[in-house]
Amino acid sequence: MSTLPAPHPKERRIIFGNVSEQNYAPDLETYLAHGGYNEAKKAFTMKPDEIIAEVKAANLRGRGGAAFPTGVKWGFIRRDDGKPHYLCVNGDESEPGTFKDGVILHQDPHQLLEGIIITCFALNIHLAYIYIRCEFTHAKAILEKAIEEAKVRGFLGKNIFGQGFDLDVYVHEGGGAYICGEETSLLESLEGKRPYPRIKPPYFPAVLGLYMSPTIVNNVETICHVKHILRLGSSEYAKMGTAGDGGTRIMCVSGDVMRPGTYELPVGAVTMGELIFDICGGLRPGRSLKAIIPGGSSSKVLRADEVFKIKKPGADGAMIEQETKLVDLVLDAGSVAAAGSMIGSAAVIVMDDSRNMVWALNNLNQFYAHESCGQCTPCREGVLWMSKVSTRMLAGRGHASDPKMLHTIADNIAGRTICAFGEAASWPTQSFTEKFAEEFATAAAQQ
Amino acid sequence: MTSTTAIQASQIPPALLEKIEEAITHYPVSRRSAALPLMHLWQNHFGFIDESGIEWIAAKLELQPIAILEIVTFYPWFRQTAPGKTIIRVCRTLSCAMAGSYELHDQICKATGIDSEQGHSHGMPTSPDGKFSVEFVECLASCGTAPVCMINNDLVEKVTSADIETIVAQHS
Ligand SMILES: Cc1cc2nc3c(=O)[nH]c(=O)nc-3n(C[C@H](O)[C@H](O)[C@H](O)COP(=O)(O)O)c2cc1C
Ligand code: SF4
Ligand code: FES
């Protein structure tokens, strides 16, 4: 992993502030020299409820995929219910297209630990696990070294910061299965069982989570933001973003652009066009834009020439509907949702006019076919079936009815399964076949 | 399951045992939670988890062997047979595929004598000389530097065809 290039003028590196520096090392002394643990100390001068109120007022939304308001989630925990509470940090980072949490885990582990300390103090949690994907083979040792350093300083363990508060943090490695990123699967995995997602309700692990106790599951990036909310204050933090979606968001751009990479941008500060053509240096010479997956492979694909009707407050404050082209789409959770997709994990996969959409969908179908946990029949059977159909279309063995068949299979998965993998696996097929209908029809007719 | 073939379980070095005991302390609420950590420690040491390993880990955590077997078989990372000396994992997912990872996979298979069709389904075919195992894996969270591979425990980014030649030569 290399250091990030100099920031684009539109970027504001808060989470990636430290790792942008040449020779930034993941040890405690370096972190302390960069203002490390100042906000953890500050947290202990605040009331837990004040911290939760700050996170709510900051409009922080989860960075793991669902963009759920973090303060609201935290509000489900009753600090004084007498039960043990747990924090599980989601570092599974396996949504295709996403590559930001690993940077923090490997290069700035203390920033994550500081976020964990503040979160645990706010929610009366004394045991936290960092769940990481095991393909990050060096991350466990890096994190455990950081934990040890923090312990020696009295920042973790017993009586931290001399405040009479105990907190233990451990690192738990997964086993190479995408489904473990789903929060209830993660909990089962952490309990040592087959990681089958749990049946809902309860909808939130904050009600029944790890070991059947109230548990907060948050993404690595989400937890890091907490420090910066305390540092900047909720109003300045919220102001960086748009209404209901505060702060910065790390966008991961991959695929057909000149400068793929991570870009930490104030939420809503740029449009999709600016991100791709300005910040990422545009497409390869002679190429034109064909499609964009805006929020990880599970989000619905957007076609380059699509025009969305997006509601916006007009000059007089009343909501007006505005026609918006893909390149003018503002990158915040609300706008991307209004365009019929989602900001998800902010993983933008760009495809130019050289790409075959049947081929691209087939690649994703194979991913979902491999990763279904197999618990629900519509998902287990459906994802494999979709993958077989797209594979045969690609090989010139398709039937004219295949595009419709694909769509129907997807329709019969979404909404009929135990976990949101069902939707995640259906949305690509539904959106690709709808938006590139001609290309699918042509492929199906090819013998 | 019967332990007629206790091999790995009879060869646990003290250092591994120490790490195992330490890992169990990370889960004060439930010993069972130490299942994955113990499997990782075991596989890191022995290269795979044999039947005796499954039974030993289960006994250590006060579980039936099936409780370990059912997770060994669920997770792609764990193996019940020995892999080749060098494990090459090629990312198969969209951003890497767009950057040519299927071609790299084919090249590796050809260079190591592995049937590439076999390699296209998941699972880990091993070269006839036992030197390489090659596996197609899903997104490795490094899509910005596609295509990527893992050579044993190390990630290699922006892999080129020339890189593959070097890697295969180095590990042959
Ligand atoms: C199939 C599936 C895979 C997921 N993978 C991840 C993941 O790799 N990392 C992650 O943080 N969240 C992932 N999530 C979302 C989590 O379930 C959960 O919403 C999130 O970790 C909550 O944290 P946040 O509110 O901070 O975003 C996944 C969800 C689903 C349905
Ligand atoms: S939807 Fe799919 S991944 Fe989720 S529980 Fe059902 S079978 Fe498993
Ligand atoms: S697609 Fe290969 S690392 Fe993400």
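**A guided look at the two chains**

Guide: Start with chain B, which has eight helices and four strands. Along the sequence its pattern reads α-α-α-α-β-α-α-α-β-β-β-α. Its C-alpha atoms fill a box of roughly 50 × 35 × 25 Å along the principal axes. Keep in mind that this is a predicted model.

Visitor: What makes domain 1 and domain 2 of chain B separate entries?

Guide: The domain assignment does. It gives domain 1 of chain B as 8–72 and domain 2 of chain B as 86–171. The C-alpha centres of these two domains lie 29 Å apart.

Visitor: How many residues of chain A and of chain B are in contact?

Guide: There are 56 from chain A and 39 from chain B. The test is heavy atoms within 4.5 Å, so those residues count as being in contact.

Visitor: What is the area buried between chain A and chain B?

Guide: About 3,700 Å², with carbon and sulfur atoms giving 62%. On the side of chain A, Arg194(A), Asn363(A) and His370(A) lose the most area to chain B, together 15% of what that side buries.

Visitor: Which elements of chain A supply at least two residues each to the side that touches chain B?

Guide: Strands S2 (127–132), S4 (165–173), S6 (248–255) and S12 (347–352) do, along with helices H8 (183–190) and H13 (357–371). H13(A) gives the most, with eight residues. By class, this side of chain A has 29 nonpolar, 15 polar and 12 charged residues.

Visitor: Which domains does the assignment give for chain A?

Guide: Domain 1 (28–239), domain 2 (249–352) and domain 3 (357–445). The C-alpha centres of domain 1 and domain 3 of chain A lie 35 Å apart. Their contact takes 13 residues from domain 1 of chain A and nine residues from domain 3 of chain A.

Visitor: What do domain 1 and domain 3 of chain A bury between them?

Guide: About 900 Å², 72% of it on carbon and sulfur atoms. Tyr178(A), Ile179(A) and Tyr196(A) supply 51% of the area that domain 1 of chain A buries against domain 3 of chain A, more than any other three residues. Between these domains the count is zero salt bridges. It is two residue pairs for polar contact, both residues at pLDDT 80 or more. The side of domain 1 of chain A that touches domain 3 of chain A has seven nonpolar, two polar and four charged residues.

Visitor: Which residues around ligand 1 come nearest?

Guide: Gly64(A), Lys73(A), Asn218(A), Asn219(A) and Thr222(A), out of 18 residues around ligand 1.

Visitor: Why is the pair of Thr222(A) and ligand 1 called a polar contact?

Guide: A polar side-chain atom of Thr222(A) lies 2.7 Å from an oxygen atom of ligand 1. The cut-off for N or O atoms is 3.5 Å, so the pair qualifies. Asn219(A) has a side-chain N or O atom 2.8 Å from an oxygen atom of ligand 1. Glu93(A) uses a polar backbone atom, 3.3 Å from an oxygen atom of ligand 1.

Notes: Residues numbered from 1 in each chain as written. Chains lettered and ligands numbered in written order. Predicted model: local features only at pLDDT ≥ 70, side-chain atom pairs only at ≥ 80, totals over all residues. Heavy atoms only, no water. Buried area = accessible area lost by both parts, 1.4 Å probe. Nonpolar A, V, L, I, M, F, W, Y, C, P; charged D, E, K, R; others polar. Domains from an automatic or database assignment. Salt bridge = Lys/Arg side-chain N within 4 Å of Asp/Glu carboxyl O. Polar contact = N/O pair within 3.5 Å; in protein donor to acceptor, adjacent residues only side chain to side chain. Near = heavy atom within 4 Å.
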